[in-house]
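Thanks for making time. I have one structure to go through this morning, so please look at the screen.

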Amino acid sequence: SCIASLAPALGLFVLAAQLQGQSISETNLRSGPQFVQYQMKAPIDLKVSELAVPIYLVVPVSSALSLDVGTAFASAKVEGTAGAGGTSSISGLTDTQIRANYTIGSDFIVLTAGLNIPTGREFAKTDEQLAAFLIANGFLSFPISNMGTGLGGTGGIALARPLGNWNLGLGASVRASGSYEPLEGTPGGGRLRFQPGAEYRGRIGVDRSLGTGRFSMGVTYSKFGDDELDSTIYNTGDRIIAQGGLTNSVGFGNLTINVWDLY
């Protein structure tokens with residue numbers, strides 16, 4: 001199961017504080033281009049890169065309710081090195097995501113509902129598939145993990161509470177996706193239909209001020225239902241992701257160090 005991620009984050013606790021006191025007159029447009037490159041040495045000998053340009057319209061309807069609509073342009077390329085040879089690339093607009101966040105009371109409970117509209121590149125040609133497969137690799141963690149999928153929906157809840165000098169965040173979500181046709185089949189056989197299984201995700205995280213910056217860490221557990229590709233059923237397995245981050249000012253700039261482990 002491949003989950004698009006236009007704006008990955010370590011914490012669960014950013015929304016509640018930001019939404020307080022906002023109104024629809026503060027609607028704004030946001031973008032944060034990123035370029036990520038991985039160099040994989042022998043025996044693979046590949047260089048994988050991606051340019052991602054997400055664009056989001058954020059509409060604070062009230063102090064409690066916020067809406068955002070977003071898409072992105074992504075361009076990924078795989079190059080063979082050290083004699084590996086061969087290249088693969090894919091580019092285009094991704095799906096459109098509509099999300100609503102509702103904050104309850106002063107306890108910083110945030111309810112989230114999201115809709116994925118399949119406006120992106122659902123289908124990858126044969127010469128594009130290597131690039132499409134590698135950006136979807138969960139361990140490499142590219143900002144855009146796929147160019148397009150089927151119609152899908154997500155619902156979730158997050159709770160953030162202060163504990164002394166620390167902030168504690170808890171969250172849970174579920175995602176269901178419709179089928180789509182991402183790949184070519186045998187010659188003359190048309191496209192292969194893919195039906196992703198549902199994804200269930202739970203997360204716990206903490207953060208605190210440290211010097212002039214912040215320290216955060218968290219653990220995410222994801223459970224996936226069975227995927228179906230044409231008549232073949234398989235499962236990618238459950239995943240546990242541990243993450244930690246430290247940011248602090250250094251001279252005239254900021255230094256950020258992030259570590260993570262995927263099991």
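I will start with the chain as a whole, then take a sheet, the aromatic pairs and the salt bridges.

Keep in mind that this is a predicted model. The protein chain has two helices and 17 strands. Of its 263 residues, 32% count as buried. The accessible surface comes to about 14300 Å², and 61% of that belongs to carbon and sulfur atoms. On contacts: if we take those between residues at least 6 apart in sequence, 58% join residues at least 24 apart.

Now the sheet. Strands of a sheet pair through backbone hydrogen bonds, and the pairing can be parallel or antiparallel. Here four strands make an open sheet, in the order β10-β11-β14-β15, with antiparallel pairing. Which strands stand at the edges? They are β10, residues 180-184, and β15, residues 232-234. Each has a single partner strand, so one side of each is left without a neighbour in the sheet. From one strand to the next, the twist averages 25 degrees.

Look at the β10 end. β10 pairs with β11, residues 191-195, in the antiparallel sense over three bridges. Within that pairing, Tyr180 stands opposite Phe194 of β11. I will come back to those two residues.

Next, the aromatic rings. A pair of rings is described by the distance of the centres and the angle of the planes. The count here is three aromatic pairs. One of them is Tyr38 with Phe142: the centres are 5.0 Å apart and the planes are at 80 degrees, so the pair is edge-to-face. Tyr38 lies in strand β2, residues 34-40, while Phe142 is in the loop between α2 (129-135) and β8 (152-163), so this pair ties together parts that are 104 residues apart in sequence. How accessible are the two partners? Phe142 counts as buried, at 5% relative accessibility. Tyr38 is partly exposed, with a relative accessible area of 26%.

Back to Tyr180 and Phe194. These form an edge-to-face aromatic pair, 5.7 Å centre to centre, with 85 degrees between the planes. Tyr180 is in strand β10 and Phe194 in strand β11, so the pair ties together parts that are 14 residues apart in sequence. Tyr180 counts as buried at 10% relative accessibility, and Phe194 also counts as buried, at 8%.

Last, the charges. Side chains of opposite charge can pair when their charged atoms come close. How many salt bridges does the structure hold? It holds six, and I will show three of them.

Asp68 forms a salt bridge with Arg99, with the closest N and O atoms 3.2 Å apart. That pair links distant parts of the chain: Asp68 is in strand β4 (residues 65-80) and Arg99 in strand β6 (residues 96-104), 31 residues apart. Asp68 counts as buried, at 5% relative accessibility, whereas Arg99 is partly exposed, at 35%.

Arg121 forms a salt bridge with Glu128, and there the closest N and O atoms are 2.7 Å apart. Glu128 is buried, with a relative accessible area of 11%; Arg121 is partly exposed, at 25%.

The side chains of Glu199 and Arg201 also meet in a salt bridge, 2.6 Å from N to O. Glu199 counts as buried at 4% relative accessibility, and Arg201 as partly exposed at 36%.

That is the end of my part. Questions are welcome.

Terms used
Residues are numbered from 1 along each chain as its sequence is written. This is a predicted model: local features need pLDDT of at least 70, side-chain atom pairs count only at pLDDT 80 or more; totals for chains, interfaces and linings use all residues. Side-chain values use heavy atoms; hydrogens and water are left out. A salt bridge is a side-chain nitrogen of Lys or Arg within 4 Å of a carboxyl oxygen of Asp or Glu. Buried means under 20% relative accessible area, exposed over 50%, partly exposed in between (1.4 Å probe, protein chains only). Two strands pair if DSSP finds at least two bridges between them. Axes are lines fitted to C-alpha atoms, for helices over the stretch in contact, and angles run from 0 to 180 degrees between N-to-C directions. Contact means heavy atoms within 4.5 Å. Accessible areas come from the Shrake-Rupley method with a 1.4 Å probe; for residues, only the protein chains shown count as cover. Rings of Phe, Tyr and Trp (its six-membered ring) pair if their centres lie within 6.5 Å; planes under 30 degrees apart count as stacked, over 60 as edge-to-face and the rest as tilted.
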